[in-house]
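Work through the exercises below with the sequence and the model open beside you. Try each task before you read its solution.

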Amino acid sequence: MQYIKTPMKGMPEQLPADMQLREYLLGKIKTTYSGYGFSLIETPAIEHIENLTSKQGGENEKLIFKILKRGEKLAKADSTDELCDCGLRYDLTVPLARFYANNMAQLPTPFKAMQIGSVWRADRPQRGRFRQFTQCDIDILGEGSCLAEIELIAATASMLAQLDFSHFKVKVNDRRILKAMAACCGFAEADYDEIFIILDKIDKIGLDGVKHELLEAGYDTGAVERYCAFFENLGKGMRCTEFCAGRLDGFLDPAVLTDLEYIIDCARATATGEMEILFDPTLVRGMSYYTGPIFEIELPDFGSSVAGGGRYDEMIGKYTNVRVPACGFSIGFERIITLLKERGYRIPDQKKRTALLVDKAIGREELLAVLQRAAAIRAAGETALVVYRAKNVRHQKETLEKEGYTDFLELPERR
């Protein structure tokens with residue numbers, strides 16, 4: 001057998017310098033979200049296969065890493081469907097819904113949850129996209145009013161602003177507006193998900209591309225023409241009431257529009273940092289579990305969204321038979337890390353890190369003195385590393401500098 005030293009494709013390894021940045025960012029996220037009243041929870045990496053394949057995760061359900069049954073249960077399985085009874089989670093929302101349904105009696109209402117952890121998708125790795133990656137979610141469960149959306153947008157925008165990101169866009173839409181447009185044009189409800197998936201490509205293929213794909217999929221020409229007409233003259237900064245005026249009467253509750261405008265106006269007034277919050281009727285979000293307002297954040301120097309979320313009022317009820325309003329926002333942690341690295345971001349206010357480079361020929365008493373000196377440095381709240389000096393001390397120092405060491409003491413001191 002030949003051993004392989006490289007990791008599985010799409011499963012990244014983190015060097016010490018990488019981990020310093022990741023831990024700093026995680027600390028920033030936890031501090032910011034805690035300031036908004038979110039409480040940290042943890043859910044298992046492995047979920048029941050029934051939960052993962054419940055037709056709520058959209059395209060992600062095709063990317064599940066399934067786990068085979070074990071022992072006698074595997075031996076007794078006689079079909080492909082019976083081989084697996086669980087899988088690695090592909091997001092944090094499905095596990096959160098199960099978690100809340102299982103523990104809601106012990107939790108306050110509303111419950112503001114913060115969850116940070118690895119998720120897995122059998123995806124094609126590319127820039128900022130991996131098969132194993134970290135997600136950072138905040139969710140508000142048990143709050144049915146617009147307050148949930150406003151708080152989620154404000155908290156997430158504030159987090160990005162603290163990392164010196166600016167001029168980003170927060171796009172807002174509502175799944176009920178998307179459904180109303182499709183119904184108004186005569187599409188069958190069973191076709192909505194496919195239609196929305198095609199619309200979601202508009203930034204890449206343009207409106208003509210959307211029209212072509214809808215026709216190629218076999219939809220009625222008149223329905224396609226009416227549908228695409230909605231998106232022909234989109235004005236920058238157009239309000240949702242202006243976009244829908246006189247076009248969706250009888251298909252959409254007017255309260256949907258007034259609530260969405262209230263969310264946008266309040267988010268503009270309360271979120272910190274330089275950003276643009278706007279209504280975007282082409283925003284879809286891939287998950288079919290969304291039931292109301294949805295949102296995404298785009299950074300000017302990244303080709304796709306770095307955060308997204310929305311309201312999913314029907315998911316928890318599938319476990320409890322009791323409708324529980326829910327809304328969440330997820331940060332693309334790996335994408336943020338990628339951008340910070342590309343910008344050469346340096347962690348501010350790091351505590352001093354000193355490397356004590358010891359001569360290998362040092363005596364025992366002298367070594368004890370060095371260890372005591374290192375202990376004094378640590379007692380002062382700083383970091384001290386004691387290591388033998390390498391032959392190529394220049395390379396040794398360069399390597400240590402990448403790990404954040406700024407001061408070097410060569411002991412005993414060279415004369």
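**Exercise 1.** Is Asn321 buried or exposed?

*Solution.* Before starting, note that this is a predicted model, in which local features need pLDDT of at least 70 and side-chain atom pairs count only at pLDDT 80 or more, while totals for chains, interfaces and linings use all residues. Residues are numbered from 1 along each chain as its sequence is written, and side-chain values use heavy atoms, with hydrogens and water left out.

Step one is the cut-off: buried means under 20% relative accessible area, exposed over 50%, and partly exposed in between, with a 1.4 Å probe and protein chains only. Step two is the value, and since Asn321 has a relative accessible area of 75%, Asn321 is exposed. Step three is the location: Asn321 sits in the loop between α12 (317-320) and β11, where helices (H or I, at least four residues) and strands (E, at least two) are DSSP runs, numbered from the N terminus.

**Exercise 2.** Find which residue Thr109 is joined to by a cis peptide bond.

*Solution.* Thr109 is joined in this way to Pro110, with omega about -5°, and Pro110 belongs to the loop between α4 (93-103) and β5. A cis bond also leads from Leu411 to Pro412, with omega near -10°, and Pro412 is placed in the segment after β14 (407-411).

**Exercise 3.** Explain why strand β10 (residues 305-311) is described as largely enclosed by the rest of the structure, and name its partners.

*Solution.* First, seven of the seven residues of β10 are buried, so the strand is largely enclosed. Next, two strands pair if DSSP finds at least two bridges between them. Strand β9 (residues 293-298) pairs with β10 in the antiparallel sense over five bridges, with Glu296 opposite Gly308. Five bridges also join β10 to β11, again antiparallel, and here Gly309 stands opposite Phe329.

**Exercise 4.** Which residues does Ala223 touch, not counting those up to four places away in sequence?

*Solution.* Taking contact to mean heavy atoms within 4.5 Å, Ala223 touches Cys185 and Phe187. Ala223 is found in helix α9 (residues 221-229) and is buried, with a relative accessible area of 4%.
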